[in-house]
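Hi everyone, thanks for coming. I'd like to walk you through one fold for a few minutes, so please have a look at the screen.

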Amino acid sequence: MIHGRNLIILADGVAIAAAKSCEISLNTEAYEVSSPATAGWRYRKEGRSEWSVSVSTLVTTVRDRFLTVGQQVTLIFSAGDDDQMTGTAYVKKAEVSAARGSLAKGSYQFQGVSDLTEYTEE
């Protein structure tokens with residue numbers, strides 16, 4: 001069983017500081033294909049895939065957070081030593097929200113620009 005505290009997102013080998021939650025999404029297109037033999041049924045064929053990651057964090061610094069937008073990073077998703085995946089992504093978005101009397105919160109959105117593969121240390 002994997003708990004949220006066990007899933008760590010690393011950007012260029014460094015854990016994203018103060019991460020509270022993360023979401024990893026993998027999507028695949030499905031193209032409709034048909035022929036006279038398929039009659040009234042819709043058939044689909046797998047297309048290209050894409051992946052993205054969103055991370056919610058507590059904000060520890062503001063300056064460095066926004067300097068990374070648009071840069072490419074290597075992400076590693078780790079749920080233990082033998083359960084890791086990796087891929088290259090660009091930092092699509094960084095946000096900070098703060099309310100008086102509360103801790104500042106933020107988020108990052110990453111868009112994959114490479115295959116998502118099993119991670120093995122070299």
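Over how many bridges do strand S6 and S7 pair, and is the sense parallel or antiparallel? Strand S6, residues 84-97, and S7 pair in the antiparallel sense over eight bridges. A word on the source: this is a predicted model, where local features need pLDDT of at least 70, side-chain atom pairs count only at pLDDT 80 or more, and totals for chains, interfaces and linings use all residues. Residues are numbered from 1 along each chain as its sequence is written, and side-chain values use heavy atoms, with hydrogens and water left out.

For the terms, strands are DSSP runs of E with at least two residues, helices are runs of H or I with at least four, and both are numbered from the N terminus. Two strands pair if DSSP finds at least two bridges between them.

Back to S7, residues 105-112. Strand S4, residues 43-58, also pairs with S7, in the antiparallel sense over seven bridges. If you want to find these pairings on screen, Lys-93 has Gln-109 in S7 as its bridge partner, and Val-53 has Phe-110. Six of the eight residues of S7 are buried, meaning under 20% relative accessible area with a 1.4 Å probe, protein chains only; exposed is over 50%, and partly exposed is in between.

Now Gln-84, in strand S6. Gln-84 counts as buried because its relative accessible area is 14%. Leaving aside neighbours within four places in sequence, its contacts (heavy atoms within 4.5 Å) include Phe-77 and Tyr-119.

Finally, Val-62 lies in the loop between S4 and helix H1. Val-62 is partly exposed, because its relative accessibility is 44%.
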